[in-house]
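Here is a short briefing on one protein model. Look at the sequence and the fold, then read the points below.

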Amino acid sequence: LPESHQEIAAVAEAAGQLGVQTPTVEAFTKTKAQLGETTNLTSEQAATDIAQIENVMRTASDETDNLGASLVALGNNGASTEAQILAMANRIAATGAQVGLTEADILGLANAAASMGIEVEAGGSAVSRVFQTMAKDVAAGGDKLELFAQVSGMTAQQFAKEFGDDPARAFAAFTQGLDRINKSGGDV
């Protein structure tokens, strides 16, 4: 690794402070140092932000390489940077964990939002609010669930099942429905 021993030690220290288990500190540190060298993230930023997501999502410690590789792939193939994706993902993670999103779902949503030029703070908060509202309305049923379902092109029962099985897919159906309404001249 082309980083100094002080920089590498700082990443390992951050790993310990963030609850990374001792047997996996070395692999965690190596991955985050590599991210610091190959992306627009610093090693410490990568360590802190990814560890926070992993803690919230209860990611297995041996999955840190996969999370890093996914982040780099999204940054390389989208219109957003790894720093933007990671910042957005951190804002979405807590709500995402509550509603059943996976790490891949969160990174994908974060990449999509960041690639559209949505500001991290506003976008992360908005996505989280939509998921919270969907979860509440699916649980409660009624007119608000009907509206989500109608926009998504489903019945209320279909939307509730879809949200329960795959909240990211239900969210995608809803956003696609909003896009259809917008393109047809409707008021979204």
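Helices are DSSP runs of H or I with at least four residues, numbered from the N terminus.

This is a predicted model, where local features need pLDDT of at least 70 and side-chain atom pairs count only at pLDDT 80 or more, while totals for chains, interfaces and linings use all residues. Residues are numbered from 1 along each chain as its sequence is written, and side-chain values use heavy atoms, with hydrogens and water left out.

**Helix 6**

- Helix 6 covers residues 103–115.
- Its buried residues are D105, I106, L107, L109, A110, N111, A113 and A114. Buried means under 20% relative accessible area, computed with a 1.4 Å probe on protein chains only.
- The cover over these buried residues includes helix 3, helix 4 (64–77), helix 5, helix 7 and helix 10. Contact means heavy atoms within 4.5 Å.
- G117 follows helix 6 and has a positive phi, near 85 degrees.

**Helix 10**

- Helix 10 has 17 residues. From its first C-alpha to its last it reaches 24 Å, close to the 24 Å expected.
- P167, A168, A170, F171, A173, F174 and G177 are the buried residues of helix 10.
- Helix 5 (82–99), helix 6, helix 7, helix 8 (143–152) and helix 9 (156–165) are among the elements that cover them.
- After helix 10 comes G185, with a positive phi near 90 degrees.

**The largest pocket**

- The largest pocket holds about 330 Å³ of space. A pocket is an open set of points on a 1 Å grid over the protein atoms alone, where a 1.4 Å probe fits, with protein on both sides within 12 Å along at least five of seven lines. Its volume is the space filled by probe spheres set on the points, which are joined across faces, edges and corners.
- Lining residues have an atom within 4 Å of a point. There are 16 of them here, and L109, M116, V127, F171 and T175 are the closest to the pocket centre.
- Helix 6, helix 7 (120–140) and helix 10 (167–183) each supply at least two lining residues. Helix 10 gives the most, with six.
- By class, the lining has 13 nonpolar, two polar and one charged residues. Nonpolar means Ala, Val, Leu, Ile, Met, Phe, Trp, Tyr, Cys and Pro; charged means Asp, Glu, Lys and Arg; the others, Gly among them, are polar.

**The second largest pocket**

- About 150 Å³ of space lies in the second largest pocket.
- Its lining includes G19, Q21, F28, E54 and T64.
- Helix 3 (residues 43–57) supplies the largest share of this lining, three residues.
- This lining has four nonpolar, seven polar and one charged residues.

**Two buried residues**

- S152 lies in helix 8. It counts as buried because its relative accessibility is 8%.
- The side chain of S152 reaches the backbone nitrogen of F174 at 3.5 Å.
- Beyond four places in sequence, S152 touches F159, A170, A173, F174 and R180.
- G96 lies in helix 5. Its relative accessible area is 0%, so G96 is buried.
- Leaving aside neighbours within four places in sequence, G96 is in contact with L101 and I106.

Conventions:
Expected span 1.5 Å × (residues − 1). Buried < 20%, exposed > 50% of the residue type's maximum accessible area, 1.4 Å probe, protein only. Polar contact = N/O pair within 3.5 Å; in protein donor to acceptor, adjacent residues only side chain to side chain.
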